[in-house]
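Here's a structure to explore with a few exercises. Have a look at it, then try each task before reading its solution.

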Amino acid sequence: MQGLMMDYELNVPAILRRADELYGDREIVSRLPDKSFHRASYAEVISRTKRLAVALRRLGLDDGDRVGTFMWNHHEHFEVYIGAPAGGFVTHTLNLRLHPDDNAYIATHAADRVLVVDKTLWPLAEQFVGRCAFEHVIAVGAGPTPDGALDYEELLAAADEGAFAYRNLDERSAAAMCYTSGTTGRPKGVLYSHRAIAIHALTVGPGIGLTTSDTVLPVVPMFHANAWCFPFSCAIVGAKQVFPGPHLDPVSLLEDFEQERVTVSAGVPTIWMGVLQALDANPGGWDLSPMRMMTVGGAAPPRAMIEAFGERHGLRVAHGWGMTEMSPVGTLSGLEEQEIGLETDEIYARRALQGPPIPFVEIRARGGEGLVPWDGATMGELEVRGPSVASAYYESPEADDRWTDDGWFKTGDIVTIRPDGYVEIQDRDKDLVKSGGEWISSVALENALMGHPAVAEAAVIAVPDAKWSERPLAVVVLAEGQSATPDELREHLEPHFAKWWLPERFEFVDEIPKTAVGKFRKTALREQFAAS
Ligand code: AMP
């Protein structure tokens, strides 16, 4: 028997319409290149969004055509982010930190017809634009428009908002696109459907208690994994949004938090490590009393950092694990309702875990002998499925082996799962240290090392070993003015790990190389240290 409910499409126009009808007076604030603040209402921004959709159609774009973006987080980027899919097109965010060769490859593979670019980023964009088939380049922001490009403001001014209509787009059609960081092989395109975004915006936003009275500052760039869905989650509840523009240094962020009374923020661990250092150097320097949750994800945050925010500054760190392929959130820990009645130590222990899956994400882990039990001890590769998980990469059939025969996505993350569903990431498959046939979690060692007061950052990699096949090597950045010897660091680790887990080798460096989205670039470390 069929249910008797409407076939209502879950799509980006429906999200935009809701914000348009209900939240017109809420604010969207952007930090400009000169550090001043631009303020606009949702009503103003949505009007511009509609004009953009009309203008793109007038430029000759058809349904499903890709609109590339190369921008910092600000209101114009938000306008394209939500305006392109509202008009039936597909937003494709390009990563500012990738090599121009990669962006040339990605924009060409995605067949982007338009590029919307910050004028301040033109010197970077220029290095790949000529190698792609963009038919139009649209330049955003103050200053002169590059030769041959259209000016964003002129384009909007010439477009008629009245020509915009909310369309009943097929929820299974594409709305946005994002390429994975591509640590192995070529980057792969993930193509989000309207339905995936709508469901994800509803599960992630309200899942972290987001409401219209929140003020959200996503440090995470819109080009990193769908900006963790924040632009859509905020629009659906009408939360005030604050965009940091190009100013991602800790002090600028702290100024934004204080001035705009930010309640929720989101970023990778390196961002929060910087913010923590600034706060430690100047405790009480900023009034962060409205901040109710700082979410961290993209790489494993050290427990010591989560605890330091809580104990020294009264700030809650919530922790998410996810992937570009998952729209991107998979699990969440550190939510208030997960901690009722727990002792302090258990609270921080749990926040350092990746957490249980969010609604509509199913998890399981597979070891050498099939699916592993949820006992918190047996390691296996995490597999996931759900309505916001990719079912294939865009035009990359060679990567079809990332899905199991029964349709689950193989994450490449090695995990244990506790009986209560809490996932703990032990490692990326390729980063695990396999010593004497046993697995050593580099993440666990790193987090423990970063709990030592003299350590600012630590990355653990596998190096070849004649006897054990691989052994862990720790690459350590010392905190300013601090010192520590390998023996001291080993002693610090000893109480927490089996003896054979402890690294024999420590290398002290000034900086750990990072990927385009701010994660440790272990491939570079392996090249540097594995042979020596
Ligand atoms: P990306 O798609 O670039 O965000 O990369 C996804 C990968 O980042 C995951 O497969 C994990 O290996 C890693 N990752 C993301 N979030 C976390 C987290 N909270 N803890 C540990 N690793 C993470």
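Predicted model: local features only at pLDDT ≥ 70, side-chain atom pairs only at ≥ 80, totals over all residues.

Residues are numbered from 1 along each chain as its sequence is written, and side-chain values use heavy atoms, with hydrogens and water left out.

**Exercise 1. Find which residues come nearest to the ligand, and which polar atoms sit by its nitrogen and oxygen atoms**.

Step 1: Look at the shell, where a residue counts as near if one of its heavy atoms lies within 4 Å. There are 15 residues around the ligand, and H319, T324, D413, R428 and K519 come nearest.

Step 2: Sort the shell by class (Ala, Val, Leu, Ile, Met, Phe, Trp, Tyr, Cys and Pro are nonpolar; Asp, Glu, Lys and Arg charged; the others, Gly among them, polar). You get four nonpolar, eight polar and three charged residues.

Step 3: Helices (H or I, at least four residues) and strands (E, at least two) are DSSP runs, numbered from the N terminus.

Step 4: Check polar contacts, meaning pairs of N or O atoms within 3.5 Å. A polar backbone atom of G298 is 3.0 Å from a ligand nitrogen, and one of A300 is 3.4 Å from a ligand nitrogen. The protein buries 91% of the 490 Å² that the ligand exposes when taken alone (Shrake-Rupley areas, 1.4 Å probe).

**Exercise 2. Describe the largest cavity and the second largest pocket**.

Step 1: On a 1 Å grid over the protein atoms alone, a cavity is a set of points where a 1.4 Å probe fits but cannot get out; a pocket is an open set with protein on both sides within 12 Å along at least five of seven lines; lining residues have an atom within 4 Å of a point. A volume is the space filled by probe spheres set on the points, which are joined across faces, edges and corners.

Step 2: Count the cavities. The whole structure has three of 30 Å³ or more, and the largest has a volume of about 60 Å³.

Step 3: Inspect that cavity's lining. It has nine nonpolar, three polar and no charged residues, and helix α7 (residues 194-204) gives the largest share, three residues.

Step 4: Turn to the second largest pocket, at about 980 Å³. Of its 41 lining residues, M273, G274, L276, Q277 and A456 are closest to the centre. Here α10 gives the largest share, eight residues.

**Exercise 3. Work out which strands stand at the edges of the five-stranded open sheet**.

Step 1: Write down the order, β17-β16-β18-β19-β20, with antiparallel pairing. Strands pair if DSSP finds at least two bridges between them.

Step 2: Read off the ends. β17 (370-371) and β20 (423-428) each have a single partner strand, so one side of each is left without a neighbour in the sheet.

Step 3: Zoom in on β16 (residues 362-367), which two bridges join to β17. G367 has G370 as its bridge partner.

Conventions
Polar contact = N/O pair within 3.5 Å; in protein donor to acceptor, adjacent residues only side chain to side chain.
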